[in-house]
Amino acid sequence: MQNIYELLGLIEDINFDDVANEEKIHELCRWVKENGDIIRRREHGEEILDKVKSILKDGTVTEKEQGHLLSLLKNIIQGAQLKVKIEYLRDKVKHHQNIGLDLIDILDNENAINVIHHEAKQQLNLALQSYTGFLMNPEIVFISLCLIGMLQYNGNFYENVRITYKSLYVRYSEQKIEGTIRSILSEYRTKKENRQGKSRIINVVLSNAIVPVYYLPAFFDFIYDIYKLNFEYDLPENLSKEFRFVYEGLRDVMLSEGDDIKVNVTKKSYKLIKTTKQLIINENYSDVVIGLSIIIVKLIDKRVWNKKIKIFNPYLKIGFESWEKTFRDASEGKSHRIVSSEFRSRWEPKFKLYQNKLYLVPPIHRVKSQYNYYDIKIILKNGKHVLYTNDQPCIKEIIGGYQVSLNKINLLDPLGKLQYLLIAGDEIIYDSRRKLYRDYLVFDNAGNEISNNTDYKGTAILCTSGADNRGTVFFKSNTFILSSLTVDYDDTLFLSGDIFSFSSLMRPGIFGNELQHQYLKKPENDELIPVFLEVKFLVFESVNDTEKYEFDINSYLYKLSDFNYTKSERHAAWKYVVDLNIDNPGIYFISVYEWYKGKRTKIATFQFGYDPSYNSKVSKIDDFNYELIINSSLRSGTVHSNINIESYSEDWLRIQLNNEEYIYYLSLNLEMYRLQGNGWKSYRDNLWIGDIDQDSVLETCAFDYDRLDVCSSSGQLLQEDVPINDCKNHIEVSIGFLQSFKEANDFVILLFSKNGLIKKGIYCYNRCVIDKGTTEIYFDPVSKILSVRPQYFGKGNVIFEIMNENGKLVYSSSQIKSGACFKVRGLESFIKYQFFFYEKSKGLVIKKARELMKQTSIFYALDDFVGRYFKIKEVLYDQRVRGEFLRKMQYFNRVYIYFTDRVSNDIFKGDIIIKAGARPFRLANVNPVEIEICGNIVNNELELAITKAGDGLLLDFKHHGIMNTLDDNKAIDIYSYFIDINGRKSL
């Protein structure tokens with residue numbers, strides 16, 4: 001696929017207003033000649049080459065021909081990306097991960113939806129016409145059903161399934177198709193969900209739809225009220241945290257029955273289907289609702305503030321446009337939005353100087369509804385001394401809890417170890433910890449605190465103790481002194497043992513808009529050259545007071561007087577800030593020479609790249625693949641590339657500058673890591689303790705982290721604030737210490753965070769842990785072959801054994817790999833078998849095998865059904881209520897089905913038998929009946945369709961059974977039957 005991207009870039013480079021057009025066509029010809037054989041071996045390769053050669057036949061490329069070829073290549077790339085995306089979705093389905101947000105991403109691609117539905121119908125057709133009903137790709141059917149749930153569900157799921165799978169319903173019975181679908185869905189439900197019965201089996205689909213489009217306008221309205229009441233028309237910095245607060249506060253409301261919720265503070269009810277509510281209260285899945293909420297609230301914010309909105313996604317477009325019709329007060333927010341105030345802080349407490357008084361401006365707090373607001377108290381301490389308490393702050397009810405706000409606090413003793421606490425009863429809700437510790441304070445002339453190493457010029461006001469006093473004193477108290485002085489950029493003060501600087505430019509160098517973690521490098525050396533999007537100044541220092549400087553810029557000499565510059569003195573040294581005024585992209589080598597007392601001395605050298613038009617777009621296809629689109633002034637044309645993590649190399653992009661080759665290291669923030677000296681892995685891949693020694697170093701190309709903690713599987717913190725080293729083009733962490741946790745923990749988690757928010761986690765397994773949810777044990781009821789496919793984490797020596805109900809070992813495997821399939825023959829029907837999965841110790845150490853998983857199973861072959869009685873536990877029937885048919889369930893207690901003969905595939909003959917008292921009797925007017933198996937065994941139950949000469953049997957409400965007649969016009973047809981699979985030889 002990389003070759004296709006290269007070809008796409010070459011064709012896009014052909015500019016019809018460019019005099020170099022002929023040279024680019026020659027370059028395209030050379031490329032086709034060199035890469036033709038590789039392209040030909042790829043899917044659609046012949047078609048591509050034929051098209052290119054046909055166009056190049058006359059030695060020219062017209063704009064129309066370019067358009068046709070670009071369209072062909074882009075369609076091929078989109079098709080390949082869709083295949084990868086579908087595989088990614090399938091993998092998430094296999095691992096029981098919610099795919100709702102991923103589905104939203106593809107909804108603007110109608111072709112993708114059609115492809116998924118088409119493949120799903122093919123898979124269902126193969127299953128419906130097979131002996132076993134076995135699907136090679138059940139995940140694609142599940143994805144298709146989730147799309148139906150997301151885009152079409154309006155209260156009746158199967159009605160929309162019948163529309164989408166119309167061709168299947170022409171060929172197969174309704175019971176057969178929907179029984180198969182229920183069997184598929186049951187595989188993706190939890191054990192708890194399966195125990196809840198069949199009537200809400202579609203919940204697993206609706207959960208993955210998050211909010212079906214039919215209910216989306218109401219969800220927009222719900223999010224709008226959160227935006228209005230909680231956010232006060234202003235998007236908070238950490239939306240994920242704020243929505244989590246709301247949903248945790250509404251937990252009790254979400255537990256209500258029905259498809260709506262009532263929120264007291266808004267005095268409104270919101271249409272929210274039960275599956276969405278269950279997602280919100282489930283800690284494992286609430287992130288998907290939060291993710292959708294963030295998407296929606298950003299659209300709402302744009303609408304409220306009349307920003308440009310362009311929505312291509314049809315799902316979001318329907319929800320937004322329907323909600324917008326109800327949104328009348330577009331200007332309402334503007335009068336209520338929080339205005340930035342000197343005495344209001346949204347997130348953290350801050351210091352403020354006003355009229356010679358120091359204040360602490362408390363933040364606005366969100367407090368969960370679980371707390372009694374009468375118990376809320378604010379305490380401010382300096383060390384152990386309590387400066388301030390308030391047990392009656394301003395409390396306002398918001399969605400999910402309370403908003404607590406407080407006026408500014410006058411600080412009589414501001415220096416020292418201030419600690420701000422918000423308390424509810426005995427529990428600390430907020431603690432400023434060390435954030436307010438100050439030995440001195442520095443303010444600007446507006447009374448706002450200035451941080452160290454911040455660019456500032458003007459009047460600075462110092463709040464110090466007597467020993468640290470600087471400048472002109474204008475106020476004294478018992479605990480602090482205020483003084484003022486005029487400062488310039490680069491000025492420094494010595495305060496309480498700290499060097500306080502009024503400049504972020506501390507060292508000589510090139511300054512401007514630097515592309516962080518992005519470098520150029522020659523292949524033959526290790527020096528990394530920084531790259532700038534914008535170059536502003538060159539800064540250098542000298543101990544000599546002179547204006548005689550020369551600048552060698554890429555072998556061209558310039559004088560200092562050729563540039564605009566400023567000069568300032570600091571600590572007996574002169575600092576020069578030179579405006580370089582660079583226009584042309586490229587790589588620059590600059591040497592600064594000083595003429596002093598007739599001698600020319602090189603005092604500084606700099607090199608950097610200038611790439612003013614650089615921009616990149618990184619699109620994640622799945623956990624292992626990314627699409628990159630890169631524009632750069634340092635090379636011609638757009639770079640289109642598809643990156644696979646496992647084959648990724650940092651030196652993949654090479655460019656020519658000044659007739660020399662350079663590697664261009666890009667900062668792409670790809671979610672991958674590696675052990676030093678090994679290949680890259682996705683964050684989804686786990687570490688294995690056996691691959692780690694005391695000197696092991698973990699490297700990652702993602703730079704959005706400032707902290708690493710290690711915790712156990714139970715959440716206990718094992719190692720806090722592990723040092724992270726910035727190595728320019730990657731970050732690295734020494735992880736040899738993980739060895740110390742291997743005896744006490746099955747696994748540990750490396751948690752990377754930024755500003756206190758966890759960004760990513762990497763699991764390190766010390767022992768094998770089996771994934772019970774995805775480990776498959778499947779018995780083919782026709783061939784009587786058992787397939788065992790274990791899924792586990794780790795790299796240990798895993799085996800499995802099978803024992804019969806008498807405790808006899810009937811099968812023992814050799815070492816098995818995770819994901820590999822093992823076939824076992826010779827197992828019998830209706831026998832209880834026990835499966836044991838073990839991890840055996842490696843090497844010569846004699847140690848008892850560790851049990852990973854134990855499971856009991858009974859298998860059933862279709863041939864063995866004949867001659868057995870099975871109890872009919874319940875039936876489904878359709879009853880007309882208020883003009884609509886509702887599917888209901890009726891439980892049986894004394895009705896059995898006896899299999900007399902197997903006709904073909906999954907069709908049998910049999911008799912209905914009623915067990916009343918000691919002597920069972922047959923329904924003479926109904927028997928014999930035709931029996932069709934409509935799905936797979938789920939929770940020891942099997943769905944059947946039972947008919948007599950093509951007609952359905954009639955429900956006997958009075959006796960909870962089946963009528964012994966087919967001629968009652970008032971009776972209701974039975975739709976399908978569920979039998980207890982534990983059949984018996986006699987009644």
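This text walks through the chain from its overall make-up to single pairs of side chains. The model is predicted, so local features need pLDDT of at least 70 and side-chain atom pairs count only at pLDDT 80 or more, while totals for chains, interfaces and linings use all residues. Residues are numbered from 1 along each chain as its sequence is written, and side-chain values use heavy atoms, with hydrogens and water left out.

Start with the whole chain. It has 19 helices and 62 strands. Both are DSSP runs numbered from the N terminus: helices are H or I with at least four residues, and strands are E with at least two. Of the 987 residues, 49% count as buried. Buried means under 20% relative accessible area, exposed means over 50%, and partly exposed is in between (1.4 Å probe, protein chains only). The chain exposes about 49600 Å², and carbon and sulfur atoms supply 46% of that area. Accessible areas come from the Shrake-Rupley method with a 1.4 Å probe; for residues, only the protein chains shown count as cover. Next come contacts, meaning heavy atoms within 4.5 Å. Among contacts between residues at least 6 apart in sequence, 59% join residues at least 24 apart.

Now find strand 11, residues 416-424. Seven of its nine residues are buried, so strand 11 is largely enclosed by the rest of the structure. Which strands pair with strand 11? Strand 6 (residues 376-382) runs antiparallel to strand 11, and seven bridges join the two. Strand 13 (residues 436-438) is also antiparallel to strand 11, with three bridges. Strand 12 (residues 427-431) pairs with strand 11 in the antiparallel sense over four bridges. Two strands pair if DSSP finds at least two bridges between them.

Single residues show these pairings. Isoleucine 379 has leucine 421 of strand 11 as its bridge partner. Lysine 417 has tyrosine 437 of strand 13. Isoleucine 423 stands opposite isoleucine 428 in strand 12. Strands 11 and 12 form a hairpin with two residues between the strands, and there glycine 425 takes a positive phi near 65°.

Move on to strand 21, residues 529-542, which holds valine 535. Is valine 535 buried or exposed? Valine 535 is buried, with a relative accessible area of 9%. Leaving aside neighbours within four places in sequence, valine 535 is in contact with Ile510, Phe511, Leu580, Ile582, Phe608 and Tyr610. Proline 612 is 77 residues away along the chain, yet its C-alpha atom is 8.8 Å from that of valine 535.

Charged side chains come next. The structure holds 46 salt bridges. In each, a side-chain nitrogen of Lys or Arg is within 4 Å of a carboxyl oxygen of Asp or Glu. One of them joins arginine 162 and glutamate 178, at 2.9 Å from N to O. Arginine 162 lies in helix 8 (residues 157-164) and glutamate 178 in helix 10 (residues 174-186), so the pair ties together parts that are 16 residues apart in sequence. Arginine 162 is partly exposed at 25% relative accessibility. Glutamate 178 is buried at 0%.

Glutamate 699 and arginine 674 form another salt bridge, with their closest N and O atoms 2.7 Å apart. Glutamate 699 lies in strand 36 (residues 697-700) and arginine 674 in strand 33 (residues 672-675), so this pair ties together parts that are 25 residues apart in sequence. Both residues are buried.

Finish with the rings. A pair of aromatic rings is described by the distance of the centres and the angle of the planes. Rings of Phe, Tyr and Trp (its six-membered ring) pair if their centres lie within 6.5 Å; planes under 30 degrees apart count as stacked, over 60 as edge-to-face and the rest as tilted. By this rule the count comes to 56 aromatic pairs. Tyrosine 214 and tyrosine 215 make an edge-to-face pair, 5.1 Å centre to centre with 85° between the planes. Tyrosine 214 is exposed at 53% relative accessible area, whereas tyrosine 215 is buried at 7%. One aromatic cluster is formed by Phe219, Phe222, Phe231, Phe243, Tyr247 and Tyr270.
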